[in-house]
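Here are my notes on the model you sent over, as numbered points. Have the structure open while you read.

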Amino acid sequence: MRKSEFLNRFHHARQVEGEVDFPLRKPGCPAAVLMPIIEREELTLLFTRRASHLKHHAGQVSFPGGRQEPNDTDLLDTALRETREEIGIDTSNIDIVGQLPRYRTVSGYEVTPFIGLLRPPKVLVPDHNEVASVFEVPLSYLMNKQNHMIHLAERRGLPHPIYFIHWQNQHIWGATAAFVRNLANHLE
């Protein structure tokens with residue numbers, strides 16, 4: 001998928017139904033992620049693998065992001081700050097083209113994913129306290145729902161979907177895969 005095709009498909013006026021998220025009993029902790037789309041000949045989506053020593057979600061695939069801090073002006077500021085901190089991207093070079101619906105997670109967060117386009121970074125500087133590695137996946141592969149799997153798990157007596165996307169030796173699952181699936185829904 002090329003940039004012009006992505007932008008034509010992303011910017012539309014119809015209402016898009018999001019994937020089922022986790023119904024929280026109380027308001028979740030506000031958080032945000034950046035879904036960085038790299039402007040290569042074929043667009044790619046950049047992911048991080050969380051460091052293995054972290055207390056929460058160790059070793060899992062994610063997008064740059066995290067909880068909103070008191071000094072963040074808004075959730076977009078949160079996503080950009082976390083991107084700068086986690087992988088060293090100069091966020092002034094990111095063109096934010098929109099956001100996806102808030103997604104509630106089983107870990108008690110209400111996450112807003114932002115979509116950003118950027119030229120291939122010359123250098124990424126992962127903060128190894130948070131990020132073990134960084135990789136990219138072709139956007140066309142991720143937007144093909146035949147590459148998505150859904151497993152239903154029981155939570156509080158009700159079926160709850162868990163999303164999975166496998167790419168080479170990478171296993172994208174949970175909220176991160178749900179964000180990708182919501183983007184695929186948006187582009188249909």
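**Notes on the sheet and the salt bridges**

1. Let's start with the sheet. Three strands make up an open sheet in the order β9-β10-β11, and the pairing is antiparallel. The edges belong to β9 (148-155) and β11 (170-173); each has a single partner strand, so one side of each has no neighbour in the sheet. From one strand to the next, the twist averages 30 degrees. Keep in mind throughout that this is a predicted model.

2. Now the pairing of β9 with β10. Strand β10 covers residues 158-167, and eight bridges join β9 to this strand, the two running antiparallel. If you want a spot to check by eye, look for Ala-153, which stands opposite His-160 in β10.

3. What packs on the sheet? Helix α4 (residues 174-187) does, and the helix touches β9, β10 and β11. The direction of α4 makes about 80 degrees with that of β10.

4. On to the charged side chains. How many salt bridges does a search of the whole structure find? The count is nine. I'll go through some of them below.

5. One of these sits in helix α1 (residues 3-10), which holds both Arg-9 and Glu-5. Their side chains meet in a salt bridge, at 3.0 Å from N to O. The two residues are four apart in the helix, about one turn. Are they buried or exposed?

6. Next, Arg-81 and Asp-72. These two form a salt bridge, with 2.7 Å between the closest N and O atoms. Is this pair buried or exposed? Arg-81 has a relative accessibility of 13%, so it counts as buried, the cut-off being under 20%. Asp-72 is buried as well, with a relative accessible area of 9%.

7. Arg-81 turns up again with another partner. Glu-82 forms a salt bridge with Arg-81, and here the closest N and O atoms are 3.2 Å apart. Both Glu-82 and Arg-81 are buried.

8. Which residues are linked in a network of salt bridges? They are Asp-72, Arg-81, Glu-82 and Glu-85. When you display this part, I'd show these four side chains together, with the 2.7 Å contact of Arg-81 to Asp-72 and the 3.2 Å contact of Glu-82 to Arg-81 marked.

Definitions and conventions: Residues numbered from 1 in each chain as written. Predicted model: local features only at pLDDT ≥ 70, side-chain atom pairs only at ≥ 80, totals over all residues. Heavy atoms only, no water. Buried < 20%, exposed > 50% of the residue type's maximum accessible area, 1.4 Å probe, protein only. Pairing = 2+ DSSP bridges. Axes fitted to C-alpha atoms, helices over the stretch in contact; angles between N-to-C directions. Contact = heavy atoms within 4.5 Å.
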